[in-house]
Amino acid sequence: MELYASGDSKPLKLKGKEDSAAVADVSKGKQLFETHCKLCHSLELPKSQRLSKSDWSWVVADMKKKYGMTWLNKTQRQEIVDYLAVTYRPRKGKKRRKVW
């Protein structure tokens with residue numbers, strides 16, 4: 001299975017069992033993201049942000065704290081962060097802009 005970051009034409013390089021397990025977790029995160037995040041906002045908003053994993057962690061934590069996304073447990077929130085961090089990470093060589 002090849003995994004692509006959004007907007008990238010080359011697949012991500014996976015390095016063994018650990019990365020293969022990460023791909024499975026990322027697919028769970030994608031499903032959670034597409035099912036739950038659209039309840040409050042367009043899915044295009046997070047897709048346009050290109051953030052680091054620590055920034056995605058902050059955003060998802062803020063969704064719980066500030067906006068009441070309490071129906072997802074900690075594991076599910078982490079799976080969403082993992083998906084976003086892999087799929088919508090900053091592009092190499094491009095400066096990202098914060099939208100918040």
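At 23% relative accessibility, S52 counts as partly exposed. This residue belongs to a predicted model. S52 sits in the loop between α2 (44–47) and α3. From S52 to Y88 the sequence runs 36 residues, yet their C-alpha atoms are 8.3 Å apart in space.

**The whole chain**

How many helices and strands does the protein chain have? The count is four helices and zero strands. Along the sequence, the pattern reads α-α-α-α. The protein chain has 100 residues, and 32% of them count as buried. Now take the contacts between residues at least 6 apart in sequence. Of these, 68% join residues at least 24 apart.

Y88 lies in the segment after α4. Is Y88 buried or exposed? Y88 is buried, because its relative accessible area is 5%, and buried means under 20%. Y88 and K47 are 41 residues apart in sequence. Their C-alpha atoms are 6.2 Å apart in space.

The loop between α2 and α3 also holds R50. R50 has a relative accessible area of 9%, so R50 is buried. Its backbone stands out too. R50 has a positive phi of about 55°, although R50 is not a glycine.

**How α3 meets α4**

Two packed helices are described by the angle between their axes and the distance between the axes. Here the pair is α3 (residues 53–67) and α4 (residues 74–87). Their axes come within 9 Å and cross at roughly 140°. That angle makes α3 oblique to α4. The crossing of the two helices is right-handed.

Which residues of α3 and α4 make the contact? From α3 come K53, W56, S57, V60 and K64. From α4 come R77, Q78, I80, V81, D82, L84 and A85. Sorted by class, the contact has six nonpolar, two polar and four charged residues.

**H36 in helix α1**

H36 is placed in helix α1 (residues 17–36). H36 counts as buried because its relative accessible area is 19%, and the cut-off is under 20%. Which residues does H36 touch, leaving aside its neighbours within four places in sequence? Those contacts are with W71 and L72.

**Two cysteines, no bond**

How many disulfides does the structure hold? The number is zero. A disulfide needs the two sulfur atoms within 2.5 Å. Seen from C40, the closest cysteine sulfur is in C37, again at 8.1 Å. C37 is buried, at 11% relative accessibility. C40, in contrast, is exposed, with a relative accessible area of 57%.

**Accessibility side by side**

The table collects the residues discussed above.

| Residue | Relative accessible area | Class |
|---|---|---|
| Y88 | 5% | buried |
| R50 | 9% | buried |
| C37 | 11% | buried |
| H36 | 19% | buried |
| S52 | 23% | partly exposed |
| C40 | 57% | exposed |

Definitions and conventions
Residues are numbered from 1 along each chain as its sequence is written. This is a predicted model: local features need pLDDT of at least 70, side-chain atom pairs count only at pLDDT 80 or more; totals for chains, interfaces and linings use all residues. Side-chain values use heavy atoms; hydrogens and water are left out. Axes are lines fitted to C-alpha atoms, for helices over the stretch in contact, and angles run from 0 to 180 degrees between N-to-C directions. Angles under 35 degrees count as roughly parallel, over 145 as roughly antiparallel, 65 to 115 as roughly perpendicular and the rest as oblique. A crossing is left-handed if the near helix is turned anticlockwise from the far one by less than a right angle, and right-handed if clockwise. Contact means heavy atoms within 4.5 Å. Ala, Val, Leu, Ile, Met, Phe, Trp, Tyr, Cys and Pro count as nonpolar, Asp, Glu, Lys and Arg as charged, and the others, Gly among them, as polar. Buried means under 20% relative accessible area, exposed over 50%, partly exposed in between (1.4 Å probe, protein chains only).
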